[in-house]
Amino acid sequence: MTTAVDTTKSARQAPYDGPLLDVRDLHVEFVTREGVARAVNGVNYSVSAGETLAVLGESGSGKSVTAQAIMGILDMPPARIPKGEIRYRGQDMLAMGKEERRKIRGQKIAMIFQDALSSLNPVLTVGFQLGEMFRAHTDASRKEAKAKAVELMDRVRIPAAKDRVGDYPHQFSGGMRQRIMIAMALALEPDLIIADEPTTALDVTVQAQVMDLLAELQAEYHMGLILITHDLGVVADVADKIAVMYAGRIVETAPVHELYASPAHPYTRGLLDSIPRLDQKGQELYAIKGLPPNLLRIPPGCAFNPRCPRAQDICRGEVPELFQVTEDDGTEQPGRGSACFFWKETLHGSRS
Ligand code: ADP
Ligand code: MG
């Protein structure tokens with residue numbers, strides 16, 4: 001018996017069944033006048049096709065800098081990457097030639113930013129900008145590009161796309177502009193989208209609509225999606241797994257429901273406890289005490305220790321690795337890790 005060999009798709013793209021993107025032990029630092037700011041201190045995360053990873057953390061935890069390192073849009077200097085790998089389909093982009101890297105970052109990985117107004121050119125119509133995005137990577141004619149622009153606007157459900165393709169960015173609402181940014185990302189048919197706080201600037205009701213659209217397109221095209229946010233409430237419904245960042249490190253990883261139900265790091269517990277809940281109206285809202293550390297002087301041991309209700313001597317003396325979180329009987333909980341010496345107590349305990 002002979003097996004037919006599929007020479008169409010597999011010949012063009014080598015088969016690869018690992019994660020689309022695999023960030024390993026990534027370090028990023030900024031050389032400033034006051035000293036070296038260690039913004040990213042050994043981040044590990046990965047995302048596969050069809051999977052959504054949410055990266056969660058307070059402002060300044062290194063979420064955007066990690067994304068910028070992946071996209072290759074850090075200004076170097078002042079930034080430098082002293083250590084780490086950023087593997088796309090198994091190949092380290094940091095070790096690739098410029099040209100090869102440009103192809104991946106321009107086409108395979110697309111990024112959506114918080115602020116659509118500053119990403120779009122105010123003096124060009126959205127149709128033209130969408131079309132140019134498309135034309136930059138294909139040999140489409142102007143006419144074809146315009147048709148593609150309308151199609152993309154339809155995809156992201158902009159009403160009356162055909163009539164609006166000649167409008168300028170300021171003629172759209174914030175939510176519609178963010179849809180246009182999603183359309184720009186889709187124009188390249190990427191297999192991974194990194195969305196950095198894509199709904200933070202929008203009204204709450206619009207946030208959910210844009211997030212749902214993103215999730216829907218991600219599933220339809222079987223893309224990988226990295227959703228960066230400081231607001232767990234926004235991503236809880238659409239993410240598969242979560243990586244929580246603090247002071248440039250991943251302090252907890254978990255499938256989204258497990259993280260919600262039983263956080264294994266005191267920082268995550270603090271973040272969850274500070275989300276307002278409808279069923280606890282009137283109760284005082286919890287806030288994590290203190291502030292994130294100055295990255296020029298990250299405290300020794302666990303960086304969270306000065307703010308942590310559970311901190312002991314060991315937390316001030318040793319940096320906790322990301323421990324595998326297990327059930328009481330020792331069975332592994334797949335994808336669960338916590339960089340806390342007291343993850344077990346945290347998992348079972350109350351707030352402090
Ligand atoms: P966030 O988690 O809010 O996205 P960022 O990744 O943007 O945080 O920033 C992480 C840290 O890196 C911040 O403390 C920020 O001050 C620092 N940082 C970012 N860009 C620069 C820069 N160009 N020069 C110096 N420090 C920077
Ligand atoms: Mg950010």
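Me: How many salt bridges does the rule find across the interface of domain 1 and domain 2?

Reply: The rule finds one salt bridge there. This is a predicted model, where local features need pLDDT of at least 70 and side-chain atom pairs count only at pLDDT 80 or more, while totals for chains, interfaces and linings use all residues. Residues are numbered from 1 along each chain as its sequence is written, chains are lettered from A and ligands numbered from 1 in the order in which they are written, and side-chain values use heavy atoms, leaving out hydrogens and water.

Me: Why is the link between Glu 58 and Arg 307 called a salt bridge?

Reply: The term needs a side-chain nitrogen of Lys or Arg within 4 Å of a carboxyl oxygen of Asp or Glu. In Glu 58 and Arg 307 the closest N and O atoms are 3.1 Å apart, so the pair meets the rule.

Me: What makes the buried area between domain 1 and domain 2 what it is?

Reply: Buried area is the accessible area (1.4 Å probe) that two parts lose on being put together, summed over both. Here that comes to about 830 Å², with 66% from carbon and sulfur atoms. On the domain 1 side, Arg 38, Glu 58 and Leu 232 lose the most, together 46% of what that side buries.

Me: How many residues of β7 are buried?

Reply: Five of its five residues are buried, and the strand is mostly covered. Leu 192, Ile 194 and Asp 196 point one way, while Ile 193 and Ala 195 point the other way. In a regular strand the side chains alternate between the two faces of the sheet.

Me: How do you know which strands pair with β7?

Reply: Two strands pair if DSSP finds at least two bridges between them. β6 and β7 share four bridges, and β7 and β8 share five, so both pairs pass. Each pairing is parallel. Ile 112 has Ala 195 as its bridge partner in β7, and Ile 194 stands opposite Ile 226 in β8.

Me: Why are β6 and β11 placed at the edges of the sheet?

Reply: The open sheet has eight strands in the order β6-β7-β8-β3-β9-β10-β12-β11, with mixed pairing. β6 (109-112) and β11 (323-326) each have a single partner strand, so one side of each lacks a neighbour in the sheet.

Notes:
Helices (H or I, at least four residues) and strands (E, at least two) are DSSP runs, numbered from the N terminus. Buried means under 20% relative accessible area, exposed over 50%, partly exposed in between (1.4 Å probe, protein chains only).
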